[in-house]
Amino acid sequence: MINKKVANAQEALHDVQDNQTIMVGGFGLSGIPENSIAELVRKNITGLTCISNNAGVDDFGLGLLLQKRQIKKMIASYVGENAEFERQMLSGELDVELTPQGTLAEKCRAAQAGIPAFFTPAGYGTEVAEGKETREFNGKMYVMEEAYQADFAIVKAWKGDEAGNLIFKGTTRSFNAVMAGAGKITIAEVEELLPVGALDPNQIHIPGIYVKRIFQGEKYEKRIEQRTVRKRD
C-alpha cells in the first residue's frame, strides 16, 4: 500500500505554480480546504484559474485569494455573498465563467472518469450555449460540454487514511467527491487522518487511487455563510 501522507499544506502544495488551473472543493463555506487556501495565499501564487461552486465570502475561503488579486479567472455557478467577487466581475478585473451548477458538477465528474465531453440540456438557447456544439436526441436539444482540465484538485474530507481513502460528511460531499481525481494531482486535507485499515471499507466515498497527497488539517473555522435562525417565542 502506497503511503500518501505528507506533513502539512506547505509540503502538499509545494509544486503549485503561477497561472495554473485549480479545482477547489466545498459547497459555499461547507467543506472547503481551509488550510490549502491559506497556503496558496501565503505562497502568493498568481494568475490562477479557480473552479469552485462559489468564491466564498470577502474574508474567508477563496475570497482571501480574490482580495490579493491572485485569481485571474473564476469558474463558478454562484457569485454568492462575496462582494469583492461581484465588484471585480462587474468592473471587468476578473474573468468569470458562470456555469449551471449541475453542469459544473458533471464537468468535474467527467474529468474524474476520463470522459472528454458529454451532452446536457442545461443552457440550451441561452448564452451558456454560444459557440458550443448542439445536437438533438429524441426530439430534445442538448449542448456539448467538455470536461475540465485542471492541474490540481484540492479537496477536504472528514476522515481519510494514509493511502488516500476519503470519507465526507453531510453537504461537504457534494463537490469534493466529484473533484477528487478530476485534476492531474489531487490533494486532500482531512480533519482526521488514520492509519490504513482504520476506515470501514463500506463507508469510503473516494478510494485512495484518486488521491496523490493527503494531510491532516488544523484550526478549522467552519463558518456559516448565511445564518438563519427561528425567532424566539
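The model is predicted: local features need pLDDT of at least 70, side-chain atom pairs count only at pLDDT 80 or more, and totals for chains, interfaces and linings use all residues. Residues are numbered from 1 along each chain as its sequence is written, and side-chain values use heavy atoms, with hydrogens and water left out.

**Salt bridges**

- The count comes to 16 salt bridges, each a side-chain nitrogen of Lys or Arg within 4 Å of a carboxyl oxygen of Asp or Glu.
- Glutamate 93 pairs with arginine 69, and their closest N and O atoms are 3.6 Å apart.
- This pair links distant parts of the chain, 24 residues apart. Glutamate 93 sits in the loop between helix H4 (83–91) and strand S4 (95–98). Arginine 69 sits in the loop between helix H3 (63–67) and strand S3 (71–76).
- Helices (H or I, at least four residues) and strands (E, at least two) are DSSP runs, numbered from the N terminus.
- Glutamate 93 is partly exposed at 40% relative accessibility, and arginine 69 is partly exposed at 43%. Buried means under 20% relative accessible area, exposed means over 50%, and partly exposed lies in between (1.4 Å probe, protein chains only).
- Arginine 109 bridges to glutamate 106, with the closest N and O atoms 2.7 Å apart. Both lie in helix H5 (residues 101–113); being 3 residues apart, they are separated by about one helical turn.
- Glutamate 221 bridges to arginine 223, with the closest N and O atoms 2.9 Å apart.
- Shared partners join Arg69, Glu84, Arg87 and Glu93 into one salt-bridge network.

**Largest pocket**

- The largest pocket holds about 310 Å³ of space. A pocket is an open set of points on a 1 Å grid over the protein atoms alone, with protein on both sides within 12 Å along at least five of seven lines.
- It is lined by 21 residues, and the closest to its centre are Phe27, Leu29, Ser30, Gly31 and Thr172. Lining residues have an atom within 4 Å of a point.
- Strand S8 (residues 150–161) gives the most to this lining, with 3 residues.

**Largest cavity**

- There is 1 cavity of 30 Å³ or more. A cavity is a set of grid points where a 1.4 Å probe fits but cannot get out. Points are joined across faces, edges and corners, and a volume is the space filled by probe spheres set on them.
- The largest cavity has a volume of about 60 Å³.
- Of its 13 lining residues, Gly28, Ile32, Ser52, Asn54 and Leu62 are the closest to the centre.
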